[in-house]
Amino acid sequence: MTPATPPPTPRSRRERPAKPALGHAGIVEAAVRIMRAEGLQRVTMRRLATELDTGPASLYVYFGNTAELHAAILEEYLGAVDLSPAKAPAEAQEDWRERLVQVLGSYTGVLFEHPSLARSALVARPTGANYLALVEAVLALLDEGGVPPGQAAWSVDVLLQLATAAAAEQGTRSETDPAEEEHDALVGALRAASADTYPRIAALGDDLFSGSPQQRLGWMFRVVVNGALATPRDLT
């Protein structure tokens, strides 16, 4: 007969190891850990408090609400965006537009890997060093291309919104089982469109859905940049 395991000896609160002090970096680290394991929707103040063995009220010292917490996670991930195209030596530089597309493509790729974070990024407003470095890189390339300062100031917002929306849309579709079926149904409907009723759709045919997602996204970035160059702001 196996002897019974003796119950653990109760330990007073004084005997327990002291918990590490809460700090902004440690809280964000724990939040990222939860997101990777359980998804962004599970990153709440209550869940995070349980992870850190503390009370939710102690977290509000650092974050006013869950949205601010998600913005901090986004800021952490923005550190992975490749900003090197904006810092390339002058003699090795490609066209500034292409390097801007590379930076924005890297940003989109980081969000695409985490669709829930991409959706959050549509409304989240990170304010940390990584986000500021991204904005600075985009502005530097717009300035190199001769985009007037005022037009550049508004363009950076449009470009990041476009990249974020594309990542949220494509990332969400990649999580949805019927996404390919829906795409095939759309392609079928366009191909079957009557030339008498829809002459322009029929004339363009398969060109309506040609190109890879990367090619189409790069083209959209160039459209915005070229528009920014040629479109003065109307402040009247």
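Trainee: Among contacts in the protein chain between residues at least 6 apart in sequence, what percentage join residues at least 24 apart?

Mentor: This is a predicted model, in which local features need pLDDT of at least 70, side-chain atom pairs count only at pLDDT 80 or more, and totals for chains, interfaces and linings use all residues. Residues are numbered from 1 along each chain as its sequence is written, and side-chain values use heavy atoms, leaving out hydrogens and water. Contact means heavy atoms within 4.5 Å. Of the contacts between residues at least 6 apart, those joining residues at least 24 apart make up 70%.

Trainee: How many helices does the protein chain have?

Mentor: Helices (H or I, at least four residues) and strands (E, at least two) are DSSP runs, numbered from the N terminus. The protein chain has zero strands, and its helices number 11.

Trainee: What percentage of the residues of the protein chain count as buried?

Mentor: Buried means under 20% relative accessible area, exposed over 50%, and partly exposed in between, with a 1.4 Å probe and protein chains only. The protein chain has 236 residues, and the buried share is 31%.

Trainee: Are α5 and α7 roughly parallel or roughly antiparallel to each other?

Mentor: Axes are lines fitted to C-alpha atoms, for helices over the stretch in contact, and angles run from 0 to 180 degrees between N-to-C directions. The axes of α5 (residues 96–112) and α7 (residues 129–144) come within 9 Å and cross at roughly 165 degrees. Angles under 35 degrees count as roughly parallel, over 145 as roughly antiparallel, 65 to 115 as roughly perpendicular and the rest as oblique. Therefore α5 and α7 are roughly antiparallel.

Trainee: How many residues of the contact of α5 with α7 are charged?

Mentor: The contact is made by W96, R99, L100, V103, L104 and Y107 of α5, with L134, V138, L141, L142 and E144 of α7. Ala, Val, Leu, Ile, Met, Phe, Trp, Tyr, Cys and Pro count as nonpolar, Asp, Glu, Lys and Arg as charged, and the others, Gly among them, as polar. The residues divide into nine nonpolar and no polar, and the charged number two.

Trainee: How many residues apart in sequence are the parts that E144 and R99 tie together?

Mentor: A salt bridge is a side-chain nitrogen of Lys or Arg within 4 Å of a carboxyl oxygen of Asp or Glu. E144 and R99 form one, at 2.3 Å from N to O. E144 lies in helix α7 and R99 in helix α5, so the separation of the parts is 45 residues.

Trainee: Which residues are linked with R33 and E51 in a network of salt bridges?

Mentor: E38 pairs with R42 at 3.2 Å from N to O, and with R47, where the closest N and O atoms are 2.7 Å apart. R47 is buried at 16% relative accessibility, whereas E38 is partly exposed at 29%. Linked with R33 and E51 in the network are E38, R42 and R47.

Trainee: Leaving aside neighbours within four places in sequence, with which residues is H70 in contact?

Mentor: H70 lies in helix α4 (residues 66–77). At 14% relative accessibility, H70 counts as buried. Beyond the sequence neighbours within four places, H70 is in contact with L40, V43, L117 and S120.
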